[in-house]
Amino acid sequence: MNQVRKHIEAIQQAEQFVNESLQHAVPDVHKPSYHASPRIHWMNDPNGLIQYRGEYHLYYQHNPYSEEWGNIHWAHKKSKDLIHWEKLPIALAPSEWYDKDGCFSGSSIEHEGKLYVYYTSNVFTSPQGLPDDLLQQQCLAISEDGGISFTKYENNPIIEAPPAGIGQNNHFRDPKVWKHGDHWYMVLGTKKDDKGKVLLYRSHNLLEWEYVSVIAQSDGSMGYMYECPDLFRIGEYDILLISPEGVRDYPLSGYYVGKLDYDTGTYTHGAFHVLDDGFHFYAPQTMEDHLGRRLLIGWMPMNGRKLGKSWSGAMTIPRVLTLDEHNERLIIQPVEELIKLRTQHIQHKQLIVDSSLEQALPKLQSRRAELKVAYNLTESDAQEFGISILASDQREEETVIRYSVSSNELTLDCSKSYNGSDRVKSITLGQASDQLILHLLIDHSVVEIYVNEGERVLSCFVFPKESSNHIHLFTSSGKAVIDSLDFWELDV
Ligand code: FRU
């Protein structure tokens, strides 16, 4: 059977399985509705993000056959507004010897009207499927019909291995491609001696690629493997995203702000910063749109099987990245298109919350909500205050966001919200100003917390009971003064 036919059949088989499985899927109160998530089965990394022919395309890692990772395909959604996503047919399926065990993460670029996608082909080299028994190579597939169907390039793989002594061909993945001057560039994640690395490649024709340099590597403190690198410019700076494995016991993605010298292939950069301080955020990717916005989407990992669900994972709301005034850190804000979803609005100005007088907002009706609270730090005298969301009547179940004035720490407390990990985590905020602004997005089980208009963001999954729909504002002692509070129910 020829290659094209084999690929089409692999896609049709996967689509058919998904459609049949959907007929038995039961509705789930935790399924997000304005965050992109799989209709059923497994989702991981966003791939191939691009605004192409006027629409935003989101491909993603998908197992059509199960709610657990495996048998990785590229599924596909598109959107006109970054909020409403339309499902499209699966774009890439394992069908060749080189990608028989997965079409792993990668990116896309438009060239002469066609869409080129670069992905990592994966082969398990031992029957036991041990984590290091892999062959990972870089491949190309091209679409001439607007990004719907792809033909795998006849000379795949286009990069067979990293240079000897520099990387390992069993952990060599996640190509992200961009154009600079007359050339195209690619970053790839790899490792050597259990230290993560990012490699830079260059091409003059999108088909042949030459190795340039190592642009980042772990000194041992940054984990054993770098996944999903992305490099892009904001203003005068080149931002490098990485998802290092092995730094902590839950997913970590972060970035450097630096400068890439394209002539020498050297990248100089400042400190590593965490991109998202929540418990469920990994493998983000970015794209630029017609408004010049640098948009980032991250994957929110979740294990559906463990939770007894037929689906796994979601994407964050697309986020706009800009640099702070010192050119040191990213400011991360949800796209303003989100405003379109707002319906019933409640607004309070100058609200006082007292330890004896907790303020309760009306019960959530739809479990899709947005809440923005601006605390006045000068007028408040409480030592600790915060918001409890998705709470039961007596707050036996709740997810808490708490601020401590003396330590300037923000705590995300999931010890009473079921998220599979029951974690509590505190982060120290930057220099306190007159206000603390908490901007929350709630979508059934997804919670995103934006702090101080983009200074920090925390994303997590929680799985509360259907009846746990309260929001409380509280203080531990003294009063908290709120300059303004805005609450919206959201409708898709
Ligand atoms: C990150 C990752 C990538 C890989 C893909 C496989 O979550 O491990 O490095 O390409 O997932 O699904």
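Biologist: Which elements supply at least two residues each to the lining of the largest cavity?

Modeller: Those are helix 1 (3-24), strand 2 (55-63), strand 3 (73-79) and strand 4 (86-92). Keep in mind that this is a predicted model.

Biologist: Thanks! And which of them gives the most?

Modeller: Strand 4 does, with four residues.

Biologist: How much space is in there, and what lies nearest the centre?

Modeller: The largest cavity holds about 120 Å³ of space. Its lining has 14 residues, and Arg39, Tyr60, His62, Ala75 and Lys87 are the ones nearest the centre.

Biologist: How does that lining divide by class?

Modeller: Eight residues are nonpolar, two are polar and four are charged.

Biologist: How many cavities of 30 Å³ or more turn up in the whole structure?

Modeller: The search finds five.

Biologist: Which side chains put a polar atom by a ligand oxygen, and at what distance?

Modeller: Aspartate 45 has a polar side-chain atom 2.7 Å from an oxygen atom of the ligand. For arginine 173 the distance to a ligand oxygen is 2.9 Å, and for tryptophan 69 it is 3.0 Å.

Biologist: And how much of the ligand does the protein bury?

Modeller: The protein buries 91% of the 320 Å² that the ligand exposes when taken alone.

Biologist: Nice. What about the pocket itself, how much space does it have?

Modeller: About 740 Å³ lies in the largest pocket. It has 34 lining residues, and Trp69, Arg173, Glu227, Glu245 and Tyr282 are the closest to its centre. Trp69 and Arg173 are also among the residues around the ligand.

Biologist: Which strands supply at least two residues each to that pocket lining?

Modeller: Strand 1, strand 5, strand 6 (114-124), strand 7 (134-143), strand 9, strand 13 (225-234), strand 14 (237-245) and strand 18 (282-288). The pocket lining divides into 18 nonpolar, eight polar and eight charged residues.

Biologist: New topic: the backbone. Which peptide bond is cis?

Modeller: The one from asparagine 156 to proline 157 is cis, with omega near -10 degrees. Proline 157 belongs to the loop between strand 8 (151-152) and strand 9.

Biologist: And what is the phi of aspartate 194?

Modeller: Aspartate 194 has a positive phi of about 60 degrees, although it is not a glycine. The loop that holds aspartate 194 runs between strand 10 (183-192) and strand 11 (195-203).

Biologist: Why point those two out?

Modeller: Because most peptide bonds are trans, and most residues other than glycine have a negative phi.

How values were computed
Residues numbered from 1 in each chain as written. Predicted model: local features only at pLDDT ≥ 70, side-chain atom pairs only at ≥ 80, totals over all residues. Heavy atoms only, no water. Near = heavy atom within 4 Å. Polar contact = N/O pair within 3.5 Å; in protein donor to acceptor, adjacent residues only side chain to side chain. Areas by Shrake-Rupley, 256 points an atom, 1.4 Å probe, with all protein chains shown as cover. 1 Å grid on protein atoms, 1.4 Å probe; cavity = no way out; pocket = protein on both sides within 12 Å on 5 of 7 lines; lining within 4 Å. Points joined across faces, edges and corners; volume = space filled by probe spheres on them. Nonpolar A, V, L, I, M, F, W, Y, C, P; charged D, E, K, R; others polar.
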